[in-house]
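Take a walk through this structure with the text below as a guide.

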Amino acid sequence: CSEDDDVMLVTNSGRAIRFPVPEVRVFNSRNSTGVRGIRLMNGDEVVSMSVIRHFEAESDERASYLKMRRLMAGVTDDEAGDEEGDADTPLPQERYAEMSAVENLILTVTAKGLGKLSSSHDYPVRGRGGQGVTAWEKSMRGGDIVASFPVEQGDQIMLATSTGQSIRVPVDGISFRSRSAGGVRVFNTGAGETVVSVAWIADQADEEPEDSAD
């Protein structure tokens with residue numbers, strides 16, 4: 001990471017916090033204790049740490065951008081969630097293009113095989129050490145969050161389950177939703193089966209094939 005990035009931590013219970021990298025000071029040695037990134041609730045655990053592009057935007061700009069982004073993705077406005085700001089504030093096309101260029105798509109997958117994509121602009125930049133914001137609507141009964149990290153539309157992911165099953169899924173087949181909404185079915189887990197890991201597979205379409213050995 002660099003000082004121009006943000007760190008995002010996500011917990012298994014569906015909380016997320018995003019803060020600038022400079023808020024984590026450089027320590028004297030690798031065995032130093034460190035500082036608090038997110039304040040955990042009872043039984044909660046951090047399951048993901050991501051580095052995403054930092055971007056400064058007013059709450060009204062974020063709300064307006066996210067409303068336009070949901071419309072483009074075919075998401076109804078009643079899924080707006082608990083975002084801050086006035087979504088009806090006019091957002092110039094140039095500003096929308098600027099925000100779109102730096103947007104990260106955040107993939108989130110739960111233990112019961114549900115998943116979604118959401119915009120990095122949906123996660124406000126806050127100071128470290130708080131309880132964060134909602135990253136998943138718990139009433140959707142998707143189970144604990146297993147993984148949450150940035151992806152590109154052309155990427156794929158590999159899911160593995162507690163019974164040894166695995167599946168490779170294209171990212172562009174996963175629905176775009178708001179930060180606090182639930183997800184869609186990505187993997188049909190069986191009785192007593194859970195997703196235990198999710199691996200990112202980068203888009204390899206533009207890679208040149210290696211020459212075969214003589």
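The side chains of Glu61 and Arg95 meet in a salt bridge, 3.0 Å from N to O. A salt bridge here is a side-chain nitrogen of Lys or Arg within 4 Å of a carboxyl oxygen of Asp or Glu. Glu61 lies in helix α1 (residues 59–73) and Arg95 in helix α2 (residues 93–101), so the pair ties together parts that are 34 residues apart in sequence. Helices (H or I, at least four residues) and strands (E, at least two) are DSSP runs, numbered from the N terminus. This is a predicted model: local features need pLDDT of at least 70, side-chain atom pairs count only at pLDDT 80 or more, and totals for chains, interfaces and linings use all residues. Residues are numbered from 1 along each chain as its sequence is written, and side-chain values use heavy atoms, with hydrogens and water left out.

How exposed are the two partners? Glu61 counts as partly exposed, at 22% relative accessibility. Arg95 counts as buried, at 18%. Buried means under 20% relative accessible area, exposed over 50%, and partly exposed in between (1.4 Å probe, protein chains only).

Arg95 has another partner. It forms a salt bridge with Glu98, where the closest N and O atoms are 3.0 Å apart. Both of these residues lie in helix α2, 3 residues apart, or about one turn of the helix. Glu98 counts as partly exposed, at 40% relative accessibility.

Now move to Arg69. Its salt bridge is with Glu103, and the closest N and O atoms are 3.1 Å apart. Arg69 lies in helix α1 and Glu103 in the loop between α2 and β4 (105–110), so this pair ties together parts that are 34 residues apart in sequence. Arg69 and Glu103 are both buried. The structure holds 6 salt bridges.

Next, the two helices themselves. How do α1 and α2 pack? Their angle is about 80°, and their axes are 11 Å apart. Axes are lines fitted to C-alpha atoms, for helices over the stretch in contact, and angles run from 0 to 180 degrees between N-to-C directions. The two helices are therefore roughly perpendicular to each other. On this scale, angles under 35 degrees count as roughly parallel, over 145 as roughly antiparallel, 65 to 115 as roughly perpendicular and the rest as oblique. On the α1 side, the contact is made by Glu61, Arg62, Tyr65, Met68, Arg69 and Met72. On the α2 side, Arg95, Tyr96, Met99 and Ser100 make it. Contact means heavy atoms within 4.5 Å. The residues of this contact divide into 5 nonpolar, 1 polar and 4 charged. Ala, Val, Leu, Ile, Met, Phe, Trp, Tyr, Cys and Pro count as nonpolar, Asp, Glu, Lys and Arg as charged, and the others, Gly among them, as polar.

Turn to the strands. An open sheet of 4 strands has the order β7-β4-β5-β10, with antiparallel pairing. Two strands pair if DSSP finds at least two bridges between them. The edge strands, β7 (145–151) and β10 (184–185), each pair on one side only. β4 and β7 run antiparallel and are joined by 6 bridges. Ile106 stands opposite Pro150 in β7.

Finally, step back. The protein has 2 helices and 11 strands. From the N terminus on, its elements run β-β-β-α-α-β-β-β-β-β-β-β-β. Of its 214 residues, 42% count as buried. Among contacts between residues at least 6 apart in sequence, 73% join residues at least 24 apart.
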